[in-house]
Amino acid sequence: MTDADRARRIFGLETEYGVQHWNPEGRPLSPEEVVRYLFRPVVEWGRSSNVFVSNGSRLYLDVGSHPEYATAECSTLDELIASDGAGDLLLHDLVVQAEERMAADGVGGRIHLYRNNADSSGSSYGSHENYLLRRRTEYRRLTEALVPFLVSRQILVGAGRVVPAGTWPEGEGEGPAHFAFSQRADFVQDGVSSSTTRSRPIINTRDEPHADASEYRRLHVIVGDTNLSEHTHLLRFGATDLLLRMIEAGFPLGDRVVAHPTRAVRQISHDLTGTARIALREGEASALELQEHYLERARAFVAAEGAHHDRVGEVLTLWGEVLDAVRTGDRSRIEDRIDWAIKLRLLEDYRARHDLGWDAPRLAQLDLAFHDIDPDRGLFRLLLRRGAVARLLPEDAARSAVETAPPTTRARVRADFVARARERGLDYAVDWTTLKLTDHPLHAIVTKDPFDTSSAAVDRLFGRIA
């Protein structure tokens, strides 16, 4: 590993999609029936519903019949955003094929896939962030320092949600329908835990580095909402990366430990002013105060240590703009870039035109339609196409990433291996660290260095069997 590698970080994002079949002329299919149609092409070429695709990312079926896409390892924010966008395109292509097969079988209607975190039955599904850390980092100290940032981060990068009447922060009684910062907040059940299903924590501590375990561990953050805007992705990962770098470097952040993380994350989500007071181990603070403190520390850190990637300036600027918008209530500067503000503008305009309260069923329908990944039906996609939402990357970046792995990580090696095996019609088995041809199990390739982009071992393997 070079010094340049040490200055970079491996990022990854896992996205679970909501599934719905709409059929006005017959019985709607269950999610289980839908995903059987959806994954049939995947099973036909991959012989499994759990595969690594052409760009080095993983596509699979998760618990509860949720399609899930895990980006390949990325070492830049641009790579991550493009790779994540490629997942939407891959899954939409599968939707088109599934609807054609359904029509051939006499099944009408449409399939909807949603990039969101909650359904009408009260279930939640996740958007999991991954950050590779050096093993030498003291993990308990890191998580204790990181939780207050993650609890309050939703005022920056929440997806926004129309909350039905009666859903209110713990201990606050029942309240009217309203708009909240986060979709995920009301489902968080723990601060730090090794579980992801029985108890949904802010940080999952399961130690699966998918790399050399003597050198690395993986930080698995599962409190975040599923975002749509590229700028929201930039702020979400860029700000969190800066916090991690400050913690790793021992940069002073002050003693801001949240006393009750699960209650705090709910309180903050339901208060659009950002001023709700949450209990700390010593004293109390608001989400705005916490995030203003972290932004001031991040600016001081970058000034002292220098930029860590070419988007640092944009991250710091956007961070400040979002805090200004929450503080003043003037969201006009962020309504084309930050998910919750984009959605709130759309819904507020609709409410005003039709004189609706937040409990109107039509608003809940618009909230859901906002997250549809279909380019012709999803409301966010419509706003993007009309220019009402700003792009960060070139328009074709996600489409290019469908077939191209990030060039700066071992994902390019995995993608190269998969392409060669498929070209030759060879059966293979792949995971994050191992590449293996089924008929040549003794020649498995182990890729424990996530920064290693050399395909020399792949060349030797296919040269040997030629």
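Visitor: Which residues of helix α15 (residues 456-465) are buried?

Guide: Val458, Leu461 and Phe462 are the buried ones there. Please keep in mind that this is a predicted model.

Visitor: Why is the pair of Phe11 and Tyr131 called edge-to-face?

Guide: Happy to go through it. An aromatic pair needs ring centres within 6.5 Å, and edge-to-face needs planes over 60 degrees apart. Phe11 and Tyr131 are 5.9 Å apart, centre to centre, with 75 degrees between the planes. Both conditions hold, so this aromatic pair counts as edge-to-face.

Visitor: What makes this pair a tie between separate parts of the chain?

Guide: Phe11 belongs to strand β1 (residues 11-16) and Tyr131 to strand β7 (residues 127-134), so the pair ties together parts that are 120 residues apart in sequence. Phe11 and Tyr131 are both buried. Ring pairs also link Phe11 and Tyr131 with Phe237 into a cluster.

Visitor: How do you know that Phe149 and Trp319 form an edge-to-face pair?

Guide: Their ring centres are 6.1 Å apart and the planes make 65 degrees. Phe149 lies in helix α5 (residues 139-157) and Trp319 in helix α9 (residues 312-328), 170 residues apart.

Visitor: Why do Phe149 and Trp319 count as buried?

Guide: Buried means under 20% relative accessible area. Phe149 has 0%, and Trp319 has 0% as well, so each of them qualifies.

Visitor: How many aromatic pairs does the structure hold?

Guide: There are 12 aromatic pairs.

Visitor: What makes you say that the charged end of Arg217 sits over the ring of Tyr139?

Guide: The distance part of the rule asks for within 6 Å of the ring centre. The charged end of Arg217 is 3.6 Å from the centre of the Tyr139 ring. In another such arrangement, Arg422 lies over the face of Trp45, 3.9 Å from the ring centre.

Visitor: Why do β3 and β10 stand at the edges of the sheet?

Guide: The sheet is open, with mixed pairing, and its 8 strands run in the order β3-β4-β5-β1-β7-β12-β11-β10. β3 (50-52) and β10 (190-193) each have a single partner strand, so one side of each lacks a neighbour in the sheet. On average, neighbouring strands are turned by 20 degrees against each other, direction ignored.

Visitor: How do you know that strands β4 (residues 58-62) and β5 (residues 66-70) pair?

Guide: Pairing takes at least two bridges. Here 5 bridges join β4 to β5, and the two run antiparallel, so they pair. Tyr60, for example, has Glu68 in β5 as its bridge partner. Helix α4 (residues 77-104) packs on the sheet, touching β1, β4 and β5, and its direction makes about 150 degrees with that of β5.

Visitor: Why is Ser286 called buried?

Guide: Its relative accessible area is 4%, and the limit is under 20%, so Ser286 is buried. Ser286 is found in strand β14 (residues 284-286). Leaving aside residues up to four places away in sequence, Ser286 touches Gly274, Thr275, Ala276 and Arg277.

Note on methods
Residues numbered from 1 in each chain as written. Predicted model: local features only at pLDDT ≥ 70, side-chain atom pairs only at ≥ 80, totals over all residues. Heavy atoms only, no water. Phe/Tyr/Trp six-rings, centres within 6.5 Å; stacked < 30°, edge-to-face > 60°. Helix = DSSP H or I, 4+ residues; strand = E, 2+ residues; numbered from the N terminus. Buried < 20%, exposed > 50% of the residue type's maximum accessible area, 1.4 Å probe, protein only. Lys NZ or Arg CZ within 6 Å of the ring centre and 35° of its normal. Axes fitted to C-alpha atoms, helices over the stretch in contact; angles between N-to-C directions. Contact = heavy atoms within 4.5 Å.
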